[in-house]
Amino acid sequence: MTTASAALLTVPETMARLKLGRTKVYDLIRTKRLVSITEGRARRIPESSVAAYISARLEEAA
């Protein structure tokens, strides 16, 4: 699915995808390892940012 709602993840959805806790996800956002956008109080993480983070971690591990 390529709708806008599927392209943007909530923090809990990102936590589930990465299997990380809330504090770690916000730490990744704060250190700019995950890109996020905010609209009002809603924070959203693009799926592409999650994929890029996973790719970067895989390259670091190789």
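1. Which residue just after H2 takes a positive phi? Lys19 does, at about 55°. The model is predicted: local features need pLDDT of at least 70, side-chain atom pairs count only at pLDDT 80 or more, and totals for chains, interfaces and linings use all residues. Residues are numbered from 1 along each chain as its sequence is written, and side-chain values use heavy atoms, without hydrogens or water.

2. Helices (H or I, at least four residues) and strands (E, at least two) are DSSP runs, numbered from the N terminus. Buried residues of H2 are Val11, Thr14, Met15 and Leu18 (buried: under 20% relative accessible area, 1.4 Å probe, protein chains only). They lie on the same side of H2, because they cover an arc of only 105° around the axis (arc: that of the directions from the helix axis to the C-beta atoms). These buried residues pack against E1, H3, E3 and H4 (contact: heavy atoms within 4.5 Å).

3. The largest nonpolar core has eleven residues, including Leu9, Met15, Ile45 and Tyr53 (a core is a set of buried Ala, Val, Leu, Ile, Met, Phe, Trp, Tyr and Cys residues joined through side-chain atoms within 4.5 Å). H2 (11-18), H3 (22-30) and H4 (47-61) each supply at least two residues of this core.

4. An open, antiparallel sheet is formed by three strands in the order E1-E3-E2 (strands pair if DSSP finds at least two bridges between them). E1 (8-9) and E2 (37-39) are at the edges, each with a single partner strand, so one side of each lacks a neighbour in the sheet. Two bridges join E1 to E3 (residues 42-46), and Leu9 stands opposite Ile45.

Technical notes: Buried means under 20% relative accessible area, exposed over 50%, partly exposed in between (1.4 Å probe, protein chains only).
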